[in-house]
Structure formats: C-alpha cells, structure tokens
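Here's a quick briefing for anyone meeting this structure for the first time. Have a look at the sequence and the model, then read on.

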Amino acid sequence: MVHIIFNPAAQSGAAGKRIYNVIHELDKQSIPYALHQTTHPGHGRELASSLSLKKDDKVLLMGGDGSINEWINGLELPTSCALGLLPIGSGNDFARGLNLKKKNSMVNLISWLKEANSPSSFLDLGEIRFTPGPDFSELSSSSFDTSASHQKPLEPAEHTISQRFAVSSGIGYDADVCHTTNASSLKRICNRLHIGKLAYLILGIFTIFQYKRASITLTLDHSQSISLDNMAFLSCHNLPFEGGGFPFTPSADPRDGKLNLCLITAPHRFSLVLTLLQSLLGGKHVRSSHVHLFTCQHAQISVSRPLKLHTDGEVFYGITNFELRCHPSVLLFQDEASQA
C-alpha cells in the first residue's frame, strides 16, 4: 500500500494541483493507495506516528523541508516503512542535499512506488535537546509582518524539548532569518511566483542589520572544548545545505553517522556579508578565518545570551544551552539511484 501525504495549500496551492497528476499515474499503474490530506500544523507528525508502524508500506510525501521535519518527528523507530519525496517546498534543502531532481521525477517515483523491492536506504537523523527560556524581547523587532499568528507562545517551557532534524539546526543569525522568513508575507508572495528562494535572500539581507553576536562554548564528543567570541551563528548539519541553498557544510553526509558543524564568527557585519557571499560561490567560505568547521557524534553547546534556535526552519526562542547528537541509519528513504 502507498500512502500519500499532502498539504493542498503547500507552495501556494501547488500540491493541491499536482496531487491529481500523482493519482492519475497511480491509477494507470494499478497501484493501491490511500490519500492523507494534512489540515493543521502537526498533522504530518500525527500521520507519521501511525503510518510508520505499517510494515513494508511506502509513503509518498508531497512537500518540502517542513513536511519532512513533521514526518521524522512523528516517526516510530525502528520502521520498515520507506519514504519517498516529491519536493514542492520553498527551500527544498533536503531534496537538494540528496541530489533529488525536481524535474521529470514523476516517472521515477511511480516506478519506485510500484516495485516491491525498489531500492531504499537508511539515512542518519540529528536530534537537539533544549529548554526554551523566557527571553522573547526581540520577537516584534521585524518590520516584515510579524503577526502573532506566526509566533511561538511567549511562555517559557517548563520541560526539555527534543526535536529531530533531517537537514539542519542552528542558533543565532540563521535562526533569526528563519523567524523573519516564517513571519513574512514576502515568503508567501514569492512562493506564489515560484521564486521562494528569493525571499530567503532578501530577508537574510534585512536580518544582517538586526542580528547580535554572542560568545559560544562547544564540547564535542565529551572531550574537545572550544570557546569563541563574536559568534554570528552556529549551524549543525545532517545535509550540506540550508536557507534555500547555502552549502555551509559541503562535506556533510547523511550516512556517515556524524553531524557537521559550521560556526561563523563576525567581528562586524561586513565580514558576515562576505562569508555568506563566499558560501553561495561554491562553498568558498570554508577558506575564511571566520569559519570553523567540526564533525562530531555529540555536542554540548552554551551561548552567552538567549538566542533564537531553529530545527529544519522551525523556530524556538530564548535558548542558552542545548545538546546535539546523531542517530545513525534510522530514516528509511527512497534511494537516490531511483531518482536518477
């Protein structure tokens, strides 16, 4: 059985239109399927919790990085339910990191769904544990439509939150960009015009003039300790890209059992602008003295003041301490070879 999860409002209605093409192909190939339309935030997580228990079934997810994040955070492990993806999000860093092709992928997906022994392989997932704090003073700082409907509750959590991530998690400037983008009407406008990546770029430039630096201490694999000042952001990766195509950790591999960390220091805003431009130019930022790259299976991190933190683009607030770890070979996913 094939289970199709889709949000009809995704990418300004693109999923609602493309679902008919998928259904047509499945009917033509006589492939049994069930449709699951998400209706509210967190619904994808609820579906994952039940569907991942179905032995040897397959799931076709029509969405982007946010949809993937809901799936992995509802996933019951271990699972033999394989996941396939038709990427229609705005950032699509998961699909980009696995070299999945957005164009002409329907034939390959249908072939993978049809074959009982179609290739799938296990991918790593990251996990982050933290306790949100009470500092929400910066929530209304953006002039890009930060309405309350787009924000997290303002009460600090009384317990530790654990979140899995498939692409990346980060604290500092990159989380600031996620917050501004999620709250902005510009993202919705760009998505309607199918230029969602432009929203990340424009709002990323705007956020440069608002972010604040912090000091940071990392303890890697319970042994190596690093302390640095003037941190702009720390991004922790399972896959190379985030923010709609920034290859902050070009060598990140979701099958090596490790996380890749990119820590960027910026004594002034111009140095951050230069580093981001170098990243877009084929990952040349890795040569900069302001860029510090690490690999680890586990990390304990503290920062000198409360900051925003994101997991695959979902933002939390008031974070000063958090823990990272890699969970190797837990997500059963369509093998990229079947997307070639």
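Which residues form one aromatic cluster? They are Y173, Y211, F233, F246 and F248. Before going further, keep in mind that this is a predicted model, where local features need pLDDT of at least 70, side-chain atom pairs count only at pLDDT 80 or more, and totals for chains, interfaces and linings use all residues. Residues are numbered from 1 along each chain as its sequence is written, and side-chain values use heavy atoms, with hydrogens and water left out.

**The overall picture**

- The protein chain comes to 9 helices and 13 strands; these are DSSP runs (H or I of at least four residues for helices, E of at least two for strands), numbered from the N terminus.
- Out of 340 residues in the protein chain, 54% count as buried. Buried is under 20% relative accessible area, exposed is over 50%, and partly exposed is in between, using a 1.4 Å probe on protein chains only.
- Take the contacts in the protein chain with a separation of 6 or more: 76% of them come from residues 24 or more positions apart. A contact here is heavy atoms within 4.5 Å.

**The nonpolar cores**

- The largest nonpolar core has 28 residues, and I171, L218, M231, L234, L261, F322 and L324 touch the most other members. Such a core is a set of buried Ala, Val, Leu, Ile, Met, Phe, Trp, Tyr and Cys residues joined through side-chain atoms within 4.5 Å.
- Elements giving two or more residues to this core are β5 (120-130), β6 (161-165), β8 (214-220), β9 (224-237), β10 (259-265), β11 (291-296), β12 (298-311) and β13 (314-334).
- Another core, of 25 residues, lies apart from that one, with V59, L85, A95 and L100 among its members.

**Aromatic pairs**

- There are 6 aromatic pairs, counting rings of Phe, Tyr and Trp (its six-membered ring) whose centres lie within 6.5 Å; planes under 30 degrees apart are stacked, over 60 edge-to-face, and the rest tilted.
- F94 and F333 are edge-to-face, because their ring centres are 5.2 Å apart and their planes sit at 80°.
- That pair links distant parts of the chain: F94 belongs to helix α4 (residues 93-97) and F333 to strand β13, 239 residues apart.
- F94 is buried at 2% relative accessibility, and F333 is buried too, at 1%.
- F246 and F248 have ring centres 5.6 Å apart and planes at 15°, so this pair is stacked.
- F246 counts as buried at 14% relative accessibility, and F248 is buried at 4%.

**The second largest pocket**

- About 270 Å³ of space lies in this pocket. That volume is the space filled by probe spheres set on grid points, which are joined across faces, edges and corners.
- Its lining has 18 residues, and D56, D57, K58, E115 and A116 lie nearest the centre.
- By class, the lining has 9 nonpolar, 4 polar and 5 charged residues. Ala, Val, Leu, Ile, Met, Phe, Trp, Tyr, Cys and Pro count as nonpolar, Asp, Glu, Lys and Arg as charged, and the others, Gly among them, as polar.

**Loops and backbone details**

- The peptide bond from L77 to P78 is cis, with omega near -5°, and P78 is in the loop between α3 (65-74) and β4 (82-87).
- S30 isn't a glycine, yet its phi is positive, about 55°. You'll find S30 in the loop between α1 (10-28) and β2 (33-37), where S30 is exposed at 63% relative accessible area.
- S30 and K114 are 84 residues apart in sequence and 8.8 Å apart in space, C-alpha to C-alpha.
- D312 also has a positive phi, near 50°, in a residue other than glycine. D312 lies in the loop between β12 and β13, and D312 is buried, with a relative accessible area of 11%.
- H222 is in the loop between β8 and β9 and is exposed at 64% relative accessible area.
- H222 and A299 are 77 residues apart in sequence and 7.3 Å apart in space, C-alpha to C-alpha.

Conventions. On a 1 Å grid over the protein atoms alone, a cavity is a set of points where a 1.4 Å probe fits but cannot get out, and a pocket is an open set with protein on both sides within 12 Å along at least five of seven lines; lining residues have an atom within 4 Å of a point.
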